[in-house]
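Trainee: Hi! Could you walk me through this structure?
Mentor: Happy to, let's have a look together.

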Amino acid sequence: MAATTPATDPPDALLAVTADAPTPARPTPAELVARAVAPVKPAFLCPPPVREAPKEEGKAAGGGAVVKVEKKSKRQLKRERQQEQKSTSHLCIEVGKSGNVDSCKYGTSCHFSHDINAYLSQKPADLEGTCPFTALGHLCPYGLTCRFLSTHKDNLAPQNHPEGNCERNPLSKEIQKLLWKSKYKFPKASAQIKLLGLKDGNKNKAEAVNDDNPDETCNLNGDDKTLLSSIPENVEPDPTLCKEIDNSGGEPLVVDSVESVEPRASKKSKVEVDETRDNEIKGPTTGIHDNEAESEVNSISGVKVSSNNQSSCKVDLITIPHLREKKIIDFREKLYLAPLTTVGNLPFRRLCKTLGADVTCGEMAMCTNLLQGQASEWALLRRHPSEDLFGVQICGPYPDTVARTVELVDNECSVDFIDINMGCPIDIVVNKGAGSSLLTKPMRIRSIVQAASTVTEKPLTVKVRTAFFEGRNRADSLVSDIYNWGASAITIHGRSRQQRYSKLADWDYIYQCAQKAPDYLHVIGNGDVFSFTDWNKHVSDCSKISTCMIARGALIKPWLFTEIKEQRHWDITSGERLNILKDFVRFGLEHWGSDFKGVETTRHFLLEWLSYTCRYIPVGLLDVIPQRLNWRPPSYYGRDDLETLMVSDSAADWIRISEMLLGKVPEGFTFAPKHKSNAYDRAENG
Ligand SMILES: Cc1cc2nc3c(=O)[nH]c(=O)nc-3n(C[C@H](O)[C@H](O)[C@H](O)COP(=O)(O)O)c2cc1C
């Protein structure tokens, strides 16, 4: 925690405070470390900043007044939106881009303003700096609306337009329409679900008709909506049933009841879904004996699967990719930036690539939202060309949903691997039966991995925690099987869901899990890696750990990747840190846009990130290095004003930093960090 006011001379300031009172003996650095207090050199310590009285609910940093949000009807909101769009501050994109009022094909019926002069007369002054697109020699796609308009050059050729040759995995309008209308075909997923004897809860009516008429091809062109939204996702089969089945299949797997975390569905939906999901439970052990699947060999054994049923669908699914045929990713020694909701956005990952990260992964995307063609969820799958070893992370509670999503991603996206999140602790995810709640359902994990891995030749990886409940570690029982089920790597975050971040990651347990892993399975350890020595220790202590995944360490100091590569503790200066922030802003403007909206989106994500970077304590200020993630910082000054500003945990100071890079915040601007990372004793998401 640091002073919110710029530093004067740190040692003098400290003397002024301590002169008249006898100071109690200061604990030694070792004593501070033992109490998880950061041993900042006494010369830099300062009195705690005087904080404003706690803000009222709803009031955030940035000086904005508390606004009582009145609830508006949908119609009112629509009217307001239309009025705003027509206002001179909302220039039509096409007109803005070309500077020509005739360029919009909607003409006078366009919802946005075409009045260029009126727009320019009210447009705020340009920001300092150069247009990020012009700087690359590209034509700026934001044209007149760019906040760096004065730096545009007239002589750039249109082919220099960056669109289409930069970020990958856009959601095309055609695919989105197919998804919206439930006309997208999932032949592989449907076939696999059937092969495994699992019920396809997502099947639309067109597919159901095909089932009844095996001679017909899979011509899914009905107008029926999928049943996606009609399937209650929070319904869990009777746990006693799971126990029974587990016992029948060799090693007993104890299934915890998750009633405490999963609300039961209403009676009506329970009946519907129990029926639907019954097969899923029976599937792996008993369901496979159903009908046509009887003569087939379980795909996981790697034997060629022949399915009459599938040939009727004209799906080339005769051979299911066996693990050995799948492209293998060798994670060994590669620096892996963890998937990070909100903060692990494309510009941040791009930044980490410049600083030495080898593997990057998109933010967690919910299967249902992807299958429904939600643009905001698809944005999470975007990949920058610099991400040369890139995966996307998906999260869903059922094998059919996950398998379809895998098929969709496989068909439409450029990815090197697909990771399934089985560790997310967030309530809304857990309550739907996804994320870490899957750790209480090993049979479900099996169905998901089996179904998903067989619809793609891309490596499938899984991310888990040690357990759902504290003291009931579960990950070790998965590692031995998960490879046979079809996963090629498993990441183990060394904490339970119940624990969240309250304790240090249990690396001894991660090692135990790794020891049980079959040779081909990559085990990736995760938790608290914050220095090159942490990373060295984990990969050398246990040879079966391929690498460590790095999450908060990268958020707090993204140059951690450089430190690991160069095997040093980098005493980075505030100027060097500012340059890193500048790079992020440049990447952000390229990604979110250089117009007003793009600039403010970039600012928003910069602020989210600054809520982590302030936790970094400069190496030169510490009596003991390296810093640990669980240390609580005292109040301290930096070595210069900028460093003091950067170590501040006040949102008002983060806003100040953002203004150094992106100009003044708009009037009424407020900010409250999403993850509240600076609250050390609070659980963090993820
Ligand atoms: C802000 C934040 C967002 C996260 N988002 C995700 C996510 O989308 N998917 C995921 O699997 N884990 C997520 N996590 C968990 C991390 O990937 C990682 O497992 C965890 O933070 C432990 O690693 P660490 O001790 O290095 O931070 C998130 C963690 C944080 C702090």
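This is a predicted model: local features need pLDDT of at least 70, side-chain atom pairs count only at pLDDT 80 or more; totals for chains, interfaces and linings use all residues.

Trainee: Which residues touch the most other members of the largest nonpolar core?
Mentor: Val402, Ala452, Ile482, Ile490, Val523 and Ile550 do, in a core of 140 residues. A nonpolar core is a set of buried Ala, Val, Leu, Ile, Met, Phe, Trp, Tyr and Cys residues joined through C-beta atoms within 7 Å. Buried means 20 or more other C-beta atoms within 10 Å of a residue's own, exposed means 12 or fewer, and partly exposed is in between, with C-beta atoms placed from the backbone.

Trainee: Which helix gives the most to this core?
Mentor: Helix α25, residues 596-613, with seven residues. Helices (H or I, at least four residues) and strands (E, at least two) are DSSP runs, numbered from the N terminus.

Trainee: How many helices and strands are in the chain?
Mentor: There are 27 helices and nine strands. Buried residues make up 46% of the 686 residues.

Trainee: Let's pick helix α19. Which of its residues are buried?
Mentor: In α19, residues 475-485, they are Ala475, Leu478, Val479, Asp481, Ile482, Tyr483 and Trp485. Ile482 was also one of the core residues with the most contacts to other members.

Trainee: And what covers them?
Mentor: The cover includes α18 (442-453), β6 (460-467), β7 (489-496), α20 (507-516) and β8 (522-526).

Trainee: What follows α19?
Mentor: Gly486, whose phi is positive, near 130°.

Trainee: New topic: where is Glu174?
Mentor: Glu174 is in helix α7, residues 173-180.

Trainee: Why does Glu174 count as exposed?
Mentor: Because Glu174 has 8 C-beta neighbours inside 10 Å.

Trainee: How far apart are Glu174 and Tyr184?
Mentor: They are ten residues apart in sequence and 10.0 Å apart in space, C-alpha to C-alpha.

Conventions. Residues are numbered from 1 along each chain as its sequence is written. Two residues are in contact if their C-beta atoms, placed from the backbone, lie within 7 Å.
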